[in-house]
Amino acid sequence: MKKFTCTLFLVTALLRYAGAADAPEPTGDKDAPVTEVAPIELKTKSSFVIDESGRNPFWPIGWKPAPKKSGNAEHAGSEIRDTAFLVSSITLDAGARYAIINGKVMNEGQVFGLQMGNQTYSITVKSIQDGQVILQRRDQEIVVPLRRR
């Protein structure tokens, strides 16, 4: 505790001494105008110009984005077959329709992701009917029958 008190006292004394050296001498006249300090002028001002390469200024220095693939990744590859889905149960009620697709409960209009390899496809449950489910991926309709074991 004594070391802390001594350190605090020394730091305070040094700050007062440093502040007294920079402050102008008081004239003793209370009504005398206060002299103003000249404004600080910058030698160089920073500026930002977007270069022609289109580099994002928030990217780390030296980092370059991966080149974009030509074509749309959503349309890449063949169409999705109905064998990619397993409809194990369908429930038709007066107000709602549910189906278990690939082990998850889905209802009409629900959107889910199907991962095949390193691609993820956005699939929408278009309609649930007796004995089959119709899924949609962009302009492709996939009819998946109920598979009973």
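Helices (H or I, at least four residues) and strands (E, at least two) are DSSP runs, numbered from the N terminus. The model is predicted: local features need pLDDT of at least 70, side-chain atom pairs count only at pLDDT 80 or more, and totals for chains, interfaces and linings use all residues. Residues are numbered from 1 along each chain as its sequence is written, and side-chain values use heavy atoms, with hydrogens and water left out.

**Exercise 1. State the order of elements in the protein chain.**

Step 1. The protein chain has 1 helix and 7 strands.

Step 2. Read from the N terminus, the order is α-β-β-β-β-β-β-β.

Step 3. Among contacts between residues at least 6 apart in sequence, 40% join residues at least 24 apart.

Step 4. The chain has 149 residues, and 15% of them count as buried.

**Exercise 2. Identify the residues of the largest nonpolar core that touch the most other members.**

Step 1. A nonpolar core is a set of buried Ala, Val, Leu, Ile, Met, Phe, Trp, Tyr and Cys residues joined through side-chain atoms within 4.5 Å.

Step 2. The largest core has 17 residues, and those touching the most other members are Phe85, Ile101, Phe112, Ile123, Val125, Val133 and Leu135.

Step 3. At least two residues of this core come from each of E1 (87-92), E2 (97-101), E4 (111-116), E5 (119-129), E6 (132-137) and E7 (140-145). E5 gives the largest share, 4 residues.

Step 4. Beyond four places in sequence, the contacts of Val125 include Ile101, Phe112, Val133 and Leu135.

**Exercise 3. Classify the aromatic pair in the structure.**

Step 1. Rings of Phe, Tyr and Trp (its six-membered ring) pair if their centres lie within 6.5 Å; planes under 30 degrees apart count as stacked, over 60 as edge-to-face and the rest as tilted.

Step 2. The structure holds 1 such pair. The ring centres of Phe85 and Phe112 are 6.3 Å apart and the planes stand at 90 degrees, so the pair is edge-to-face.

Step 3. Phe85 sits in the loop between H1 and E1 and Phe112 in strand E4, 27 residues apart. Both Phe85 and Phe112 are buried.

**Exercise 4. Find the salt bridge and say which strands hold its partners.**

Step 1. A salt bridge is a side-chain nitrogen of Lys or Arg within 4 Å of a carboxyl oxygen of Asp or Glu.

Step 2. The count by this rule is 1. The partners are Lys126 and Glu141, at 2.1 Å from N to O.

Step 3. Lys126 is in strand E5 and Glu141 in strand E7, so the pair ties together parts 15 residues apart in sequence.

Step 4. Lys126 is partly exposed at 41% relative accessibility, and Glu141 is partly exposed at 45%.

Technical notes: Buried means under 20% relative accessible area, exposed over 50%, partly exposed in between (1.4 Å probe, protein chains only). Contact means heavy atoms within 4.5 Å.
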